Amino acid sequence: MQPFELPDFYMPYPARLNPHVDEARAHAREWAAEMGLFEPQQGHHIWDLRDLDRHDYGLLCAYTHPECDGPELNLITDWYVWVFYFDDHFLELYKRTGDTIGAREYLERLRDFMPIEGLDMPEPTNPVERGLADLWPRTVPAMSTEWRRRFATATQALLEESRWELANITEDRVANPIEYIEMRRKVGGAPWSANLVEHAANAEVPAPLAETRPLRVLRDTFSDAVHLRNDIFSYEREVREEGENANGILVLERFLGCDTQTAADHVNNVLTSRLQQFETTALTELPLLFAEFGAGPAEQAAVTAYAKGLQDWQSGGHEWHMRSSRYMNNGGANAARPLAAVLEPTGLGTSAFRIPLSPAAVGAIRVKTFVHAPYEEVGPTPLPEIYMPFTLQLNPWLDASRENGIEWARQMEMLDPVAGVLDTGLWSEHDLREFDFALCAAGLDPDATEPELDLSTEWLTWGTYVDDYFPAVFFPSKNFAAAKLQGRRLSEFMPLDSEETEAPVNPIERGLADLWARTTTLMDDGQRREFRTAVERFIEACLWEMVNHNLHRIPDPVDYVEMRRDTFGSDMTKALSRLSHGNLVPPQVYRTQTLANLENTAADYAVMLNDLFSYQKETQFEGDFHNAVRVMQNFFDCDRDRAVTMVNDLMTQRMQQFERVVAQELPTLYEEYGLDETAREILDRRACELQDWMAGILHWHINCGRYQEAQLIERYRPESARQLEEAIPDRMSFLRPTGLGTSAARLSELSRSQRATT
């Protein structure tokens, strides 16, 4: 008996089959035999011809690449035969045996078979190496060096992050949801598949566009949907039969404490949401991207063909999962039929009988993403017990920095009216004292000198002012073009050399110009470029929030968590810390997953902590929905208290993962890379800095006045009923509540009206 019934999948476009499918099947048999894939490996049976025929990778590739010619389909099919064989080969030789040392040596050697320049490689010693040695020179000559580099990176991640799966199996550890999505993109191989789509479609993405947000979103949403679909179909084989624990259904079972069917339905909802974001991005963001970069017809055609290729892969991959013997594929009334096929009438008068679709099959989750009421009266948030294993330390220069920070904000004109936009200042001095950014900085960096603490306080002041400035200045008019222009102007105040900049015209430009000059004095060109990129990502995230505001769109949990790091300025913090270390730590170490985990777990803890404290401020007083509690409420259809518990549980698990990274992964990293004592001390110090950072942020949230209800009422609530009457025109009076208990709603309406006019 299968562990759950397959959910009804959202698949709005039908699969198409490449006419060269039989040729690809025959070629795959010959190629697999030639590479030695049917031979026993160290006494282990991996595959025989019957296994290959049952899995039918020729059918997979014919469905996922329906338009390429015969030779190209043969090449693509060989790649998929190789990657699935690698997965099973690694399972038998290393996962089942727990041989972590052998696994590391095995994976490191595979790098030598993917040269970026030239085609020199060692003599292969096993079928995996032999297959890669054959495939690489057949594939890369047709593509640019930049594509080769991207493809090699994706392939290495696919291979090497298998050690993450092995470590979790060895420790009997199931990942938390955020960690799982991040790592599944690497282990699952869909980004690798996206690179092959470029090859198969003869549509290489232009290098200037490849790392823009719209292309990243296309790649990541494609990857998440592919992996989550595979998790649903492969749960029985992987979890019940093979003892794997890298499966999204299992992750949600453990995290939510729910049964398998409920977890499977939730995974399907995330899958649907990721597909719908892919569609939205392709239809609405790509045209704007082309205009912004001045992309020519050939570049636009390449990106469009690439997006279409990813779409074909989704529908074709679903069809293959429904047919392959490798997976559980029974159940779900509409599971095997894409939406287009379900709706297609088969005879006269039959269309009316083809409509019995479930909400899941029609992607009804999209509706609740856009239908929600702002300015909901939620009251103070009942805070849970927050896990904090680190001790707070405060900088002795706190009191001086408080006064210096306020004086700096005054000099930057942050307390003055915003000309042409706000009749009063965005903040008052009283507000600024309540916010107490110096208290936050003093906890984040308890060992800083007085000038260093002042600089930290002022960066926090500037970042928070920007975070308040964009909603106040640009959101009421929904003028995205003006916001985008402001973002571009901010980049001009971060010069990479000694070039002169324009005169700043508002507080955010004035503040950034001052901070940039004082922060980057001792940086070289590369360091300035890295730090500017980090600041630009923060600004880009502010624009992302505005797009969602204009569309009235609550992001799904995956999109929210990833972008929330940017809206919180996490990249700026990381960049400043890394640059302060000079060149004493090898650059490749900073690119490891261990260092990414160290930074990202701390960042996620901090942003979700902020969301717990700011829920009332953002939901009730600002009408904002970029909050983890609100996102969880919307996605899981739960009340506030349940959402608060979920956010706190996720925070706790990310903190526990941080502790695990420090205790286990960092020492392993030191040994693998042979780091000297100086480099080890630097990274140990960075871990301590992040501990201070998290403890300081918690202390600041508890003690500052930015999120407390009394201060919120003082800042946002009108002072008299007369203002209420003036703010709401008489012609709208019939819409105003007039009965018992309606004053809160009227005050909320005034708050909205005032923000729109001020």
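The structure is a predicted model, in which local features need pLDDT of at least 70 and side-chain atom pairs count only at pLDDT 80 or more, whereas totals for chains, interfaces and linings use all residues. Residues are numbered from 1 along each chain as its sequence is written, and side-chain values use heavy atoms, with hydrogens and water left out.

The chain contains 34 helices and zero strands, where helices (H or I, at least four residues) and strands (E, at least two) are DSSP runs numbered from the N terminus. Of its 758 residues, 58% count as buried, the term denoting under 20% relative accessible area, with exposed meaning over 50% and partly exposed lying in between (1.4 Å probe, protein chains only). Among the contacts in the chain (heavy atoms within 4.5 Å) with a separation of 6 or more, 75% are accounted for by residues 24 or more positions apart.

The largest nonpolar core comprises 222 residues, and those with the most contacts inside it are Trp79, Tyr80 and Trp462; such a core is a set of buried Ala, Val, Leu, Ile, Met, Phe, Trp, Tyr and Cys residues joined through side-chain atoms within 4.5 Å. Helix α4 (residues 70-95) supplies the largest share of this core, 14 residues. When residues up to four places away in sequence are not counted, Trp79 touches Leu132, Leu135, Trp136, Thr139, Phe151, Trp192 and Leu196.

Beyond residues up to four places away in sequence, Gln277 touches Arg213, Val217, Thr221, Arg553, Asp556 and Asp559.

Positive phi values were also examined. Asp172, in the loop between α8 (162-171) and α9 (177-187), has a positive phi of about 55° although it is not a glycine, and this residue is exposed, with a relative accessible area of 61%. Tyr375, in the loop between α17 (365-370) and α18 (398-411), has a positive phi near 55°, but Tyr375 is buried, with a relative accessible area of 16%.
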